[in-house]
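Open the model in your viewer and keep the selection panel at hand. The stops below can be followed in order.

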Amino acid sequence: MFYKGKKVLVTGGSGFVGSHIAQALQEQGTLVRVTVHRRPMPVDSGDFDFCEADLTTAQDCLRAAEGMDFIFHAAGCVGAAGLKGSQVMSAITPNLIMTSLMLEAGWKAGAKRFLLFGSSTGYPVASHPVKEEEMWSGPTFPGYFGYGWMRRYLERLAEFVHGQSEMKIALVRPTAVYGRRDNFDPARGHVIPALVRRALEKEDPFVVWGSGGEVRDFLHVRDLAKGCLLALQAYAECDPVNIGYGRGVTIREVVEIILREADHKRARIVFDASKPTAIPVRVVDTGKARRILGFEPEVSLREGLKDTIEWYRRTVGQVQEKRGNTR
């Protein structure tokens, strides 16, 4: 197996995407190092090599990268639709700093391969499944201007490092990802985890931002982790590959599935088009991932939402039980 016995760093390995990548690597017999800063590891940590590190400092980045064969750079900050004013920079500045420093650290430490995340937020507005080569065919959606251009710039920076060094870089552009261990904060979480939490809390009326007709391409995080491992192994050419489900679904359909799986079917759904939403349609073309990586998503939307809901219900129940026992 490609990853068996390799020394692999997963930055942000205690986070949502990073923890799933770390688990997938461990299942293949990889020696996994995980950077930890403010968040504890959310899964069994018996076989991980933990590295306390602040990835906004060059010294910590280099220390984390030393001795590693491969690096999956999953550390980062994400935005949310409700952020206002200077808050929007919280999802831009740290990503620029951490990714730049980790690319430099991987180069200096002699890592052989590096996986970097692009983003579908960099694509221009399109009503069809967008292909990788369309990234530079027009401007970003205005609501994604700052974050989308940050991701565009980091792709260019990766191209520079790939061309100047011996470190091979895999560049993946994920679509909207959801699943276990996501951020379920209604104020800062993305659409699916926020809806899941509110459904389980039995909100009624159930208010949803937007018209309900917005179309998204939702991918379960376990499928994203699988796609990332395939990309670093088979296509570390610094040539972007979309990793998505490849099919769109309306927010209305997602809401209906979540309410049904959360046993909240009788809730009165109210779509509030006056609230801020993002791009009307975002679906990615996954033909390149199928051809080059052999990637096919395995988790259907219904299965993934059911799993996410059951996990959150079980996890929150355990937390509440522990709190009750300590009173």
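The tour goes from the inside of this predicted model to its surface and then to pairs of charged side chains.

**Stop 1: helix α1**

Select residues 16-26, which make up helix α1. How many of the residues of this helix are buried? The count is 9 of 11, so helix α1 is largely enclosed by the rest of the structure. The buried residues are Phe16, Val17, Gly18, Ser19, His20, Ile21, Ala22, Ala24 and Leu25.

**Stop 2: valine 32**

Move to strand β2, residues 31-36, and pick valine 32 there. Is valine 32 buried or exposed? Valine 32 has a relative accessible area of 3%, and because buried means under 20%, this residue counts as buried. Show what surrounds valine 32: beyond four places in sequence, its contacts are Val8, Val10, Ala22, Leu25, Gln26, Asp47, Phe48 and Asp49. Ala22 and Leu25 in that list are also among the buried residues of α1.

**Stop 3: helix α4**

Select residues 145-164, helix α4, and find arginine 151 in it. Arginine 151 is buried but has no salt bridge. Which side chain of opposite charge is nearest to arginine 151? That is glutamate 155, 8.1 Å away, while a salt bridge needs a nitrogen and an oxygen within 4 Å. A polar atom of the arginine 151 side chain does lie 3.3 Å from the backbone oxygen of phenylalanine 117. Leaving out neighbours within four places in sequence, arginine 151 touches Asn95, Phe117, Gly118, Ser119 and Thr121.

Stay in helix α4 for tryptophan 149. Tryptophan 149 is partly exposed, at 36% relative accessible area. Select Trp136 and Phe145 together with Trp149: the three form a nonpolar patch on the surface, and their accessible area together is about 330 Å².

**Stop 4: salt bridges**

Side chains of opposite charge can pair when their charged atoms come close. The whole structure has 14 salt bridges; three are visited here.

Select lysine 226 and glutamate 298, whose closest N and O atoms are 3.3 Å apart in a salt bridge. This pair links distant parts of the chain, 72 residues apart: lysine 226 is in helix α6, and glutamate 298 is in the loop between α8 (287-293) and α9 (301-325). Lysine 226 is partly exposed at 25%, whereas glutamate 298 is exposed at 59%.

Next, select aspartate 239 and lysine 288, a salt bridge of 2.7 Å from N to O. Here the partners are 49 residues apart, with aspartate 239 in the loop between α6 and β11 (241-243) and lysine 288 in helix α8. Aspartate 239 is partly exposed, with 26% relative accessible area; lysine 288 is buried, with 11%.

Finish with arginine 313 and aspartate 263, joined in a salt bridge at 3.9 Å, N to O. Arginine 313 belongs to helix α9 and aspartate 263 to the loop between α7 (251-261) and β13 (269-272), 50 residues apart. Arginine 313 is partly exposed at 37% relative accessibility, and aspartate 263 is exposed at 53%.

How values were computed: Residues are numbered from 1 along each chain as its sequence is written. This is a predicted model: local features need pLDDT of at least 70, side-chain atom pairs count only at pLDDT 80 or more; totals for chains, interfaces and linings use all residues. Side-chain values use heavy atoms; hydrogens and water are left out. Helices (H or I, at least four residues) and strands (E, at least two) are DSSP runs, numbered from the N terminus. Buried means under 20% relative accessible area, exposed over 50%, partly exposed in between (1.4 Å probe, protein chains only). Lys and Arg count as positive and Asp and Glu as negative; His and the chain ends are not counted. A polar contact is a pair of N or O atoms within 3.5 Å; within protein, one must be able to donate a hydrogen and the other to accept it, and residues adjacent in sequence count only if both atoms are side-chain atoms. Contact means heavy atoms within 4.5 Å. Patches are made of residues with over 30% relative accessible area and no salt bridge: like charges are joined within 9 Å, nonpolar side chains (Val, Leu, Ile, Met, Phe, Trp, Tyr) within 5 Å. Accessible areas come from the Shrake-Rupley method with a 1.4 Å probe; for residues, only the protein chains shown count as cover.
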